[in-house]
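Reader: Hi! Could you walk me through this model?
Author: Happy to, here it comes.

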Amino acid sequence: MERGELAGKTIVLGLTGGIACYKSAELTRLLIKAGATVQVVMTEAATQFITPLTMQALSGRPVFTSQWDNRIDNNMAHIDLSREADAILIAPASTDFLAKLAHGMADDLLSTLCVARDCPLLVAPAMNRQMWANPATQRNAATLRGDGIAILGPGSGDQACGEIGDGRMLEPEDLYEALAGFFQPKRLAGRRVLITAGPTFEPIDPVRGLTNRSSGKMGFALARAAAQAGADVHLVAGPTSLATPYGVTRSNVQTAQQMYDAVMADVSRNDIFIAVAAVADWRVRDVAHDKIKKTGDADVPTLEFVQNPDILAAVAQLPKPPFCVGFAAESGDLEKHGAQKRQRKQVPLLVGNLGPATFGQDDNEVILFDEAGQKRLPRADKQALARSLIIEIAARLPSRTPG
Ligand code: C5P
């Protein structure tokens with residue numbers, strides 16, 4: 001979740017009957033934190049699972065449950081509530097409600113509002129696995145997809161009934177991410193993006209190693225922004241505790257060599273390669289099998305290093321490289337070093353930043369170097385900056401040759 005990301009957006013959050021209603025309380029909090037206006041509408045069944053009072057307190061707005069509610073001036077809640085909305089999200093969406101939507105039925109406020117809407121509709125199914133697998137439900141889901149309605153999930157796992165399988169409503173964080181992504185322009189639709197992120201860890205012995213202060217935040221933010229822009233994203237991450245962005249495939253590695261191997265195994269199917277990882281330049285030549293013991297005060301071990309492969313340069317030199325984007329963390333004179341590094345690595349785009357000012361921070365300031373020269377992007381939150389960088393990258397992509 002990114003604070004302010006949904007500022008100015010109005011979401012009609014529809015709740016239908018299901019245990020998963022409790023998750024919608026948390027989802028409301030996330031949407032509100034992100035700056036959205038949330039108008040909750042509940043079916044009669046939903047009020048059996050969570051009270052309108054709870055949803056009103058969390059959303060800060062009166063909750064609507066009945067089409068006969070006369071609080072709206074013209075008495076047309078089913079029209080007025082959706083006219084201000086940027087999207088309607090039904091979470092949880094019950095088996096019954098999916099069936100109603102698929103058939104255009106309008107026999108309560110929420111279903112009528114969906115039929116009368118003039119904004120996108122997203123649904124998050126929540127039901128027992130047999131109910132989800134039922135051919136009628138599957139038929140209804142296919143009809144809804146055909147009608148342009150986005151179906152989020154369902155997830156798989158333990159169910160409230162004690163059974164295990166498909167049909168769980170997605171977690172609130174995932175629903176939030178799916179909705180936030182829904183609003184982003186699909187600049188990278190149909191593109192595959194490979195990203196390296198985080199530090200690497202080069203072992204010295206079984207308990208010690210060399211690493212650096214990269215947090216992985218910039219690379220993870222770029223993976224999220226690329227996925228939100230519609231790309232199929234593979235993130236190769238060094239050791240970091242950051243959560244995998246929604247919809248992103250992640251491979252975890254430790255050493256530079258492992259990162260190199262993971263990238264090389266996948267790179268040929270990608271359109272874009274973004275090397276954000278702070279890869280260790282050197283590794284210890286002979287990693288000790290056992291912990292190196294401290295024997296005496298004057299007796300200190302000597303480590304010998306060998307150079308690690310340069311992943312970015314290796315990818316850029318492939319016969320048919322993807323569009324390559326490099327990062328440079330300099331400690332000074334960024335303008336000179338950035339331009340030189342772009343030339344040396346032979347990449348079309350290099351993003352330069354000042355290392356000490358960015359490592360571990362939530363915001364960053366960068367200069368873009370390309371063949372046309374330099375462009376400075378103003379200091380911004382790493383998530384916002386990642387979105388700007390995706391726009392810059394998308395604008396520089398060679399257009400696709402047909403076939
Ligand atoms: O040469 P330098 O390490 O400053 O270059 C930084 C850029 O090269 C980053 O994009 C980084 O991810 C990439 N790199 C790499 N493999 C290395 C070293 C750096 O991909 N061994």
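Author: Below we chat about the overall chain, its cores, a surface patch and some salt bridges.

Author: This is a predicted model, so local features need pLDDT of at least 70 and side-chain atom pairs count only at pLDDT 80 or more, while totals for chains, interfaces and linings use all residues. Residues are numbered from 1 along each chain as its sequence is written, and side-chain values use heavy atoms, with hydrogens and water left out.

Reader: Thanks! How many helices and strands are in the protein chain?
Author: The protein chain has 14 helices and 19 strands. These are DSSP runs numbered from the N terminus, helices being H or I with at least four residues and strands E with at least two.

Reader: And what percentage of the 403 residues counts as buried?
Author: That comes to 48%, where buried means under 20% relative accessible area, exposed over 50% and partly exposed in between (1.4 Å probe, protein chains only).

Reader: Which residues touch the most other members in the largest nonpolar core?
Author: L188, I195, L222, V233 and I274 do, in a core of 36 residues. Such a core is a set of buried Ala, Val, Leu, Ile, Met, Phe, Trp, Tyr and Cys residues joined through side-chain atoms within 4.5 Å.

Reader: Nice, which element gives the most to this core?
Author: Helix α9 does, with eight residues. Another core lies apart from this one, with 33 residues including L6, A25, I50 and Y176.

Reader: New topic: which residues form the nonpolar patch on the surface?
Author: I19, Y22 and F49, with about 340 Å² of accessible area together (Shrake-Rupley method, 1.4 Å probe; for residues, only the protein chains shown count as cover). Patch members have over 30% relative accessible area and no salt bridge; like charges are joined within 9 Å, nonpolar side chains (Val, Leu, Ile, Met, Phe, Trp, Tyr) within 5 Å. I19 is in the loop between β1 and α1.

Reader: How many salt bridges does the structure hold?
Author: It holds 25, each a side-chain nitrogen of Lys or Arg within 4 Å of a carboxyl oxygen of Asp or Glu. In one of them, K375 pairs with E392, with the closest N and O atoms 2.6 Å apart. That pair links distant parts of the chain, from strand β19 to helix α14.

Reader: Is E392 buried or exposed?
Author: E392 counts as buried, at 11% relative accessibility, whereas K375 is partly exposed at 39%.
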